[in-house]
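Here is a short report on one protein model.

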Amino acid sequence: MRFFERIQKLDEIVKNGPAHCDYVHEIRPLLLELPSVVYLYGLIDTPNWLPILEAGKCFSEEPDDMVGFALSMPKERLALERIRISLLSRLAETAPPDVLRIIKEIHIPEESAVREYYIRTLVMLAKARTADLGALISEEETWLAGVRRIDVLLAQQYGELVCALADEHAVDAQDLANVLLRPLAPSEIADAAWQEHDIGFRLEPWDYKQLLAMITDKPVETQTLDGLRWTCNLLYAVLDRLSGKASEIDTLVLLWRPSIEDTEQNSPNDILNWLIEAVRDAAETLASSLGDQALAVLEEYKLLTFKRIVLHLRGLHSELDPEGTETLVRNPDILKDSILRHELFHLLKRSFGSFSGDTQNAYFGFVDALRDEQDKYLFLWPVRAYLPDNRIADYQQLEEQFGALEHPDFSTYHETVWVGPTSPYSTDEMLQMSPEELVAALNKWEYERGWHQPEPEGLARELANMVPKDPARISEEAMAFEKLEEPTCVRGIVHGLADAVKEGQSISWEPVLHLCEWAVEQERGEEPEESGLEDFDPTWGLARKQIAWLLRRGTERSSAQIPFELKDPVWSILEKLIQDPNPTAAEEADRARYSDPSTIAINVVRGVALGAVFSYALWVARHDPHDPRSWDSFGLDNVRSALEDRLSEDSSPAVRSLFGKWLSYLFWLDQGWTESNVERIFPLDKDISGLWTASWDAHLMFCSTLYVEFLDLLRSSYERALDMVGIERLEKTRPASPDERLGGHLVLFYREDVLALEDSLFPDFFERAEMKLRHNVMADAVRQVQNIPEEKREKVVERLQDLWKWRCATSIDEDAEKYHELSSFSWWFLKDDFPPKWRLEQLEKTQNHNIKLEMDGPVLEKLVDLSEVHLREVFACLEAIVKNRRNKHWGIYDDHVKEILRKGIDSREPDLRGQTENLVHYIGSLGFLSFRDLLTSHHREES
């Protein structure tokens with residue numbers, strides 16, 4: 001019988017009941033896979049079946065006798081353990097003696113999921129008030145003692161077990177809770193690397209909090225003082241363990257928990273805090289009925305942390321042992337102890353008026369004996385509402401001397417404040433000033449170091465934020481800023497102008513360029529070895545970099561573009577900036593420890609300036625087009641000379657990377673010059689300083705247009721790049737690697753029919769590339785294929801099919817769980833530019849070779865679309881996908897799968913209909929029981 005036919009038979013057997021059922025001969029032969037076992041045991045909901053299952057040896061020490069198939073993997077055995085214990089947990093409430101008897105005979109694996117069902121069974125037995133659970137609970141405590149970490153689901157079950165045991169098995173409940181929540185013994189954590197003061201628990205902090213909340217409520221409610229003492233013992237165990245790591249444990253607790261009541265000063269998400277809260281809440285719960293006895297329990301513990309809880313409780317409930325409270329207040333040692341200060345403060349504030357005259361006088365006598373006037377003020381503050389007339393004048397004198405106190409109940413008080421650089425003037429304040437007034441204010445301001453003091457960097461940022469709010473006015477009078485004394489301020493102004501231009505806001509360029517020219521003419525200064533962010537800029541270097549960014553933005557296509565007639569002053573500024581000493585070799589070497597050359601280039605003066613030069617050249621060429629294009633025809637001989645100087649004189653990898661980055665634009669501007677200088681841009685024979693690597697990687701990563709001429713022009717570099725495949729050399733945050741881009745270039749050349757599959761570049765690349773790299777290149781090979789002009793697309797598609805055929809023949813038998821090269825076919829399959837039958841053939845082929853399917857949802861959705869015309873081929877693909885052991889996620893998209901199967905079942909072709917039904921049964925055997933509806937609905941329609 002097929003799967004759902006056996007399921008139907010199981011339905012009939014369970015419906016008829018266990019009276020005349022033979023498990024061994026009737027049921028076991030039907031259980032040929034785990035889903036059928038899960039289904040059967042899910043149907044059983046009465047304890048009448050337990051004798052039948054026991055007779056079939058379903059609860060023997062090993063679960064093999066449960067099923068009619070051989071257990072070949074450990075996970076199958078664990079699954080059966082989970083299934084049968086899950087059944088017992090469901091039946092425990094209705095048949096506790098039988099379940100208890102059976103559970104004692106079963107071996108419980110340590111696997112967490114099985115253990116969870118076992119604990120759930122014990123919970124149900126405890127709720128049913130089953131006797132004789134002590135031995136099982138003791139065994140569980142022993143097992144827990146050897147466990148280092150408990151997961152959240154198991155912890156929750158243990159919490160429910162403790163609560164269920166509390167009524168009838170109180171001692172067992174507390175013993176089990178102790179094992180769960182107590183700190184680990186030193187021997188249990190000897191092999192772990194713990195932070196200072198971290199003593200280790202079996203639970204993650206959040207799980208501990210949830211379990212503590214479950215457990216502490218039940219014992220306190222049902223056992224009152226015993227429950228409070230149990231909670232205190234747990235807190236004491238933690239404090240005692242901590243005392244071995246910190247001699248002043250109460251001081252340490254005060255740092256974590258400045259107040260016993262809940263305040264923002266307390267450290268959040270901390271186990272010690274939660275335990276203190278548990279003791280506090282337990283004591284407060286008992287205060288109204290057993291308050292004096294609750295105090296007595298707390299006072300058994302001599303640590304000051306417990307004394308703080310006592311003071312807190314006495315402060316909330318003045319009716320509790322008032323004589324004892326007054327005795328504490330008369331004790332100078334209590335009053336002077338800074339650890340008790342917060343709780344004592346609030347006790348005095350609430351209750352001082354109810355104290356006897358003797359106690360109040362004793363307190364005032366203690367205050368009078370203090371030598372420090374401010375200390376007197378602090379101790380009088382909480383009782384100021386109760387001062388007798390003869391003390392009010394003295395108190396008012398102290399108040400006038402020291403002022404109002406903020407948070408006098410805390411020895412220290414922590415607040416969250418903004419600690420970034422701040423400005424002496426706000427944006428709104430500066431916008432209200434004329435440029436002359438602003439210059440005067442900026443020049444007048446003196447930086448005073450100190451906490452919360454305005455800083456130069458904060459001022460620069462505020463200036464940059466201010467300018468885009470009124471760029472027209474500020475740019476018109478930009479020359480007024482030439483009287484600024486600090487480069488930092490000029491940098492902020494220029495930064496703001498660059499932001500405004502980037503946003504497309506128009507500015508008056510002529511005065512702005514005059515300001516830039518003036519700034520560039522200032523003596524630059526030498527960079528100091530060390531300079532803090534909080535200082536004024538020590539040189540004009542950062543201002544120069546912002547000027548370069550401003551000119552870069554102004555020469556790009558936008559509504560805020562520089563008027564073309566100002567090209568000469570623009571060039572005059574750029575010509576100076578590209579000779580800036582930043583970066584020096586030492587600076588670049590330091591940055592290279594964490595950045596690649598292309599990233600360094602956009603963060604140094606010379607790099608930003610050279611990028612602006614390239615942008616300037618394109619700006620000029622757009623305004624004065626010529627054909628053929630060349631430096632001379634555009635009147636850009638000055639740019640050509642500057643670039644040649646950089647190639648000859650500049651040994652910075654960051655600067656050289658810009659030539660590779662802008663190569664396609666250079667080629668467009670002057671093809672002949674680019675061809676004659678390609679060996680200087682990519683110096684193959686002198687890469688000691690990394691110039692070739694810098695320019696080549698930038699070309700691979702940022703090339704905007706890959707001209708077909710580049711294959712021959714850069715062939716030597718492409719060949720050299722093959723030797724570097726697999727060598728990581730750029731920041732990992734990049735969206736792709738140079739190796740992926742290299743493969744992409746080769747594919748694009750191939751698509752353009754200038755590179756043949758037989759060319760050595762192709763096989764050399766794929767032989768050197770590891771599997772994931774090949775996968776990524778093949779996935780990228782069909783990117784934007786739909787945008788290729790129609791007259792070329794058919795030819796390109798044919799070439800890509802040849803590429804796939806070659807790669808498929810080469811790698812289809814390779815084994816890989818993830819990122820198999822041919823897993824990339826999902827990207828190809830989704831492209832409607834390829835013939836449908838070819839796509840279906842290749843998809844079926846890869847799936848029959850157990851190659852993991854990517855993008856399951858989109859692929860299945862596309863299969864639904866194709867099934868209208870190619871149902872048989874689509875069915876073959878679906879069957880291969882379902883039977884591919886590496887595909888784990890297709891079941892998420894069961895609507896698509898069912899739609900295809902429904903068409904197969906409704907097919908007029910008997911063989912296809914039969915194959916579809918068989919596949920439905922197979923899918924059911926994998927555990928997808930909802931697919932049964934396909935068969936039942938079809939049979940209903942037929943009838």
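The mean pLDDT of the protein chain is 91, and 95% of its residues reach 70 or more. pLDDT is the predictor's confidence in each residue, from 0 to 100. This is a predicted model, in which local features need pLDDT of at least 70 and side-chain atom pairs count only at pLDDT 80 or more, while totals for chains, interfaces and linings use all residues. Residues are numbered from 1 along each chain as its sequence is written, and side-chain values use heavy atoms, with hydrogens and water left out.

Residues 191-197 stay under 50 in pLDDT. For this stretch the model has 8 contacts beyond four places in sequence; a contact means heavy atoms within 4.5 Å. Where pLDDT is low, the predicted coordinates should not be read in detail.

**Helices**

Helices are DSSP runs (H or I, at least four residues), numbered from the N terminus. Helix H24 spans residues 456-466 and is mostly covered, with 8 of its 11 residues buried. Buried means under 20% relative accessible area, exposed over 50%, and partly exposed in between (1.4 Å probe, protein chains only). The buried residues of H24 are Pro456, Glu457, Gly458, Leu459, Ala460, Leu463, Ala464 and Met466. Their cover includes helices H22 (427-431), H23 (435-444), H25 (471-476) and H26 (487-502).

Helix H38 (residues 691-702) packs against helix H41 (residues 738-751) at an angle of about 65°, and their axes are 8 Å apart. Axes are lines fitted to C-alpha atoms, for helices over the stretch in contact, and angles run from 0 to 180 degrees between N-to-C directions. H38 contributes Asp697, His699, Leu700 and Met701 to the contact, and H41 contributes Pro738, Arg741, Leu742 and His745. By class, this contact has 4 nonpolar, 2 polar and 2 charged residues. Ala, Val, Leu, Ile, Met, Phe, Trp, Tyr, Cys and Pro count as nonpolar, Asp, Glu, Lys and Arg as charged, and the others, Gly among them, as polar.

Arg913 sits in helix H50 (residues 910-925). Arg913 is partly exposed, at 24% relative accessible area. Its C-alpha atom is 8.8 Å from that of Lys903, 10 residues apart along the chain.

**Loops and backbone**

Thr94 lies in the loop between helix H5 (74-91) and helix H6 (96-105). Thr94 is exposed, with a relative accessible area of 55%.

Most residues other than glycine have a negative phi, and most peptide bonds are trans. The table lists exceptions in this model.

| Site | Geometry |
|---|---|
| Asn582 to Pro583 | cis peptide bond, omega about 15° |
| Asp627 to Pro628 | cis peptide bond, omega near 5° |
| His407 | positive phi, about 55° |
| Tyr819 | positive phi, near 60° |

Pro583 is in the loop between helix H29 (567-577) and helix H30 (585-591). Pro628 is in the loop between helix H32 (605-623) and helix H33 (631-634). His407 lies in the loop between helix H21 (389-402) and H22, and is partly exposed at 29%. Tyr819 is in the loop between helix H44 (790-811) and helix H45 (825-829), and is partly exposed at 30%.

**Cysteines**

How many disulfides does the structure hold? There are 0; a disulfide is a pair of cysteine sulfur atoms within 2.5 Å. For Cys21, the nearest cysteine sulfur is that of Cys58, 10 Å away. Cys21 is buried, at 11% relative accessibility. For Cys877, the nearest is that of Cys808, 13 Å away. Cys877 is buried as well, at 0%.

Terms used: Helices (H or I, at least four residues) and strands (E, at least two) are DSSP runs, numbered from the N terminus.
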